[in-house]
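Work through the following exercises with the structure open beside you, and try each task before you read its solution.

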Amino acid sequence: MNNIIVYLEIEEATVADVSLELLTKARSLANSLQCKLEAVAIGHQLDHVGAQVFPYGVDTLFVADDPRLAPYTSMPHTSVMVKLFKEEQPQIALMGATSIGRDLGPRVSSALFSGLTADCTALEIGDHEDKKEGKTYHNLLYQIRPAFGGNIVATIINPECRPQMATVREGVMKKEILDPNYKGKVKKLHVPDYVQESDFLIHVIERHMEKSKSNLKNAHIIIGGGYGMGSKDNFKMLYELADVLGGEVGASRAAVDAGFAEHDQQIGQTGVTVRPKLYIACGISGQIQHIAGMQESSIIIAINNDKNAPINHIADYVINANVEDVVPKMIRYYRQNSK
Amino acid sequence: MSLKIVVLAKQVPDTRNVGKDAMKADGTVNRAALAAIYNPEDLNALEQALRLKDRFPGSTVTIITMGPGRAAEIIRESLYRGADDGFLLTDRAFAGSDTLATSYALACAIRNLPHVDVILCGRQAIDGDTAQVGPQVAEKLGLPQITYAEEIVDVTNDTITVKRRLERGLETVQGKFPLLITVNGTAPACRPRHAKLVMKYHHAKTITEKQESNDDYMFMFSARPYLNITEWSVNDIKTDANWLGLKGSPTKVKAIENVVFQAKESKQLVGNDTEIDELMKELIANHTIG
Ligand SMILES: Cc1cc2nc3c(=O)[nH]c(=O)nc-3n(C[C@H](O)[C@H](O)[C@H](O)COP(=O)(O)OP(=O)(O)OC[C@H]3O[C@@H](n4cnc5c(N)ncnc54)[C@H](O)[C@@H]3O)c2cc1C
Ligand SMILES: Nc1ncnc2c1ncn2[C@@H]1O[C@H](COP(=O)(O)O)[C@@H](O)[C@H]1O
């Protein structure tokens with residue numbers, strides 16, 4: 001009762017990274033609230049889910065296994081979640097801010113009349129004093145998210161309604177195994193008690209899912225390219241630099257929109273969040289929405305021909321020059337001087 | 001076959017063009033400094049509605065928007081592009097609504113219509129970026145939903161086939177009317193205004209707008225009923241006040257902060273050979289690279 005529940009996204013018997021990241025965060029929230037961490041797996045052929053999630057500190061895994069529950073469709077998954085939440089009364093429920101979580105979350109929250117905050121970038125526990133009502137609430141979930149195109153950050157709370165629900169994008173939270181031998185238990189749900197025939201109104205007739213091509217989230221070195229690169233062709237020098245340094249190439253939204261880079265390379269508020277050892281920003285001005293996704297990099301080098309580019313404020317090294325001149329020099333030095 | 005189509009469209013501040021003057025000194029947003037626009041993905045939804053209407057003559061496209069009086073502009077804009085009529089849901093009782101209270105009010109307005117086959121929404125509104133209202137309206141009405149639609153592939157009798165664009169791929173799904181669909185920005189852009197429709201609907205007004213303007217076109221509104229944009233207040237639709245506005249909103253804003261990034265002490269380089277060599281050497285020496 002009153003635990004934290006994480007909805008697991010499962011594709012081809014593998015739990016998605018975003019769900020493991022949420023489990024990591026939820027485990028630490030559960031520790032500070034001194035409650036249990038629960039996870040729910042809804043789909044088919046879920047025998048291997050337990051082994052994947054217990055190391056993240058899951059105490060109870062609810063499993064709703066039925067061939068009709070995979071692939072994901074909105075209403076049956078909603079029905080399982082709503083009934084389970086009514087039974088378990090979780091205080092917090094988390095989901096990925098993915099095309100599944102953002103389809104499911106609002107439906108569940110509407111059915112339970114519980115608040116939902118989309119795309120949180122931080123989750124914390126804290127108190128709230130409602131001066132007007134003269135009430136103090138303890139241990140609420142602070143749901144922190146950018147608003148107004150990233151220009152402000154808002155802290156949202158749900159004082160009265162439970163569960164407190166939030167979605168978080170992939171890559172925003174860190175994924176960390178708690179204990180490879182952590183012991184949790186599996187509770188199988190009797191699916192016919194949770195869904196009705198009338199939930200199966202939408203049928204998936206075709207699916208083409210791709211594995212993410214870029215490995216930005218796990219890269220130690222990232223070369224970020226912006227609109228200032230000028231062309232897709234000019235991005236080639238970034239791939240070359242990434243190649244010699246053993247890194248990955250990311251991009252700003254302006255570069256993605258211009259077709260210089262692929263969508264899954266986008267870094268920032270509406271892309272992935274990265275925290276590499278080294279981030280080299282090439283021809284990126286450094287608007288708030290981009291910085292939000294890379295400011296935690298250990299070392300930031302900005303290569304920009306504008307002395308006043310905002311990226312320079314958060315950079316450790318500011319190289320005030322043209323990328324076309326600087327990048328080849330870096331490649332040349334490294335080729336000559338590394339073993 | 002003809003369809004009764006509803007499009008939910010919202011007027012939003014243009015957050016994509018937030019300039020420095022849009023932020024007040026205390027870190028809050030100066031909404032007045034931002035232009036009010038038609039939420040971009042709602043235009044994609046409108047286009048899908050108009051395509052269904054083209055394909056099934058006799059179909060109608062009805063716009064519902066909830067907002068202040070000036071949101072009537074959204075309905076006029078929709079009429080210029082080919083919608084048939086629209087309702088402006090406006091009342092102080094709706095103020096302070098979060099997505100749940102908004103979807104409750106919109107669902108009540110939809111229930112107030114005699115018959116609806118398909119409801120089209122934008123995927124998300126650019127002021128909140130939540131993408132919650134569509135699915136919540138569907139849940140409140142007990143309808144199935146298809147989110148992230150990019151293309152309506154086929155419609156036969158009571159079955160609709162839709163292609164969805166997800167972050168990692170494509171999915172084609174089939175459902176039956178009635179249902180709710182949210183439309184992605186990757187779907188085709190909305191057709192432009194039609195000059196003849198602009199002329200036809202130029203004077204379309206809500207009752208409040210008519211009262212405010214003292215032009216002498218008043219006779220027109222009874223002669224041309226299509227120029228009346230219906231305003232609905234809480235009293236015109238069946239609602240429970242507990243689910244509206246601030247009271248009906250489980251989420252509260254606790255705090256709002258301006259985004260400031262900690263400026264770092266940085267080394268300034270001009271990028272000559274020696275500097276770059278030194279920099280690379282340092283990065284190799286401290287094991288950042290290599
Ligand atoms: C709701 C919302 C969400 C957003 N989400 C994201 C997001 O997730 N990620 C993101 O990146 N953006 C996002 N944006 C967009 C963001 O506001 C910026 O528009 C974008 O990051 C700018 O990209 P840029 O720096 O590449 O381009 P620009 O701002 O055009 O900057 C180009 C830079 O290149 C420099 N330059 C030009 N030529 C050269 C040269 N030869 N050598 C060196 N430097 C050169 C210029 O001085 C300039 O600083 C979002 C915006 C909104 C409204
Ligand atoms: N006030 C409103 N009036 C009409 N439609 C709305 C309103 N708010 C949201 N919507 C619809 O719901 C979609 C998602 O909005 P949001 O959940 O705010 O991102 C929008 O694209 C609109 O189609």
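**Exercise 1.** Which element gives the most to the shell around ligand 2?

*Solution.* Keep in mind from the start that this is a predicted model. Begin with the residues themselves: 19 of them lie around ligand 2, and those that come nearest are B:Leu8, B:Asp42, B:Ala125, B:Thr130 and B:Ala131. Next, look for the elements of chain B that supply two or more residues to this shell, and you will find strand S4 (60-66), helix H3 and strand S6 (118-122). The answer is then S4(B), which gives the most, with 3 residues. Sorted by class, the shell around ligand 2 holds 9 nonpolar, 7 polar and 3 charged residues.

**Exercise 2.** Find polar contacts between ligand 2 and chain B, and state what percentage of the ligand's area the protein buries.

*Solution.* A pair of N or O atoms counts as a polar contact if the two lie within 3.5 Å. Start with the side chains: an N or O atom in the side chain of B:Thr130 is 2.7 Å from an oxygen atom of ligand 2, while a polar side-chain atom of B:Asn39 lies 3.3 Å from an oxygen atom of the ligand. Then turn to the backbone, where an N or O atom of B:Ala131 lies 2.9 Å from an oxygen atom of ligand 2. As for the area, ligand 2 taken alone exposes 480 Å², and the protein buries 97% of that.

**Exercise 3.** Describe the surroundings of ligand 1.

*Solution.* First, note that 28 residues surround ligand 1, of which the closest are A:Tyr227, A:Ser252, A:Thr270, A:Ser285 and A:Gln289. By class, this shell has 7 nonpolar, 18 polar and 3 charged residues. Second, examine the contacts: an N or O atom in the side chain of A:Ser285 is 2.6 Å from an oxygen atom of ligand 1, whereas a nitrogen atom of ligand 1 is 3.0 Å from a polar backbone atom of A:Val323.

**Exercise 4.** How do helix H3 and helix H4 of chain B pack?

*Solution.* Locate H3 at residues 99-111 and H4 at residues 133-141 of chain B; their axes are 8 Å apart and form an angle of about 50°. H3(B) is therefore oblique to H4(B).

Key
Residues numbered from 1 in each chain as written. Chains lettered and ligands numbered in written order. Predicted model: local features only at pLDDT ≥ 70, side-chain atom pairs only at ≥ 80, totals over all residues. Heavy atoms only, no water. Near = heavy atom within 4 Å. Polar contact = N/O pair within 3.5 Å; in protein donor to acceptor, adjacent residues only side chain to side chain. Nonpolar A, V, L, I, M, F, W, Y, C, P; charged D, E, K, R; others polar. Axes fitted to C-alpha atoms, helices over the stretch in contact; angles between N-to-C directions. Helix = DSSP H or I, 4+ residues; strand = E, 2+ residues; numbered from the N terminus. Parallel < 35°, antiparallel > 145°, perpendicular 65-115°, else oblique. Areas by Shrake-Rupley, 256 points an atom, 1.4 Å probe, with all protein chains shown as cover.
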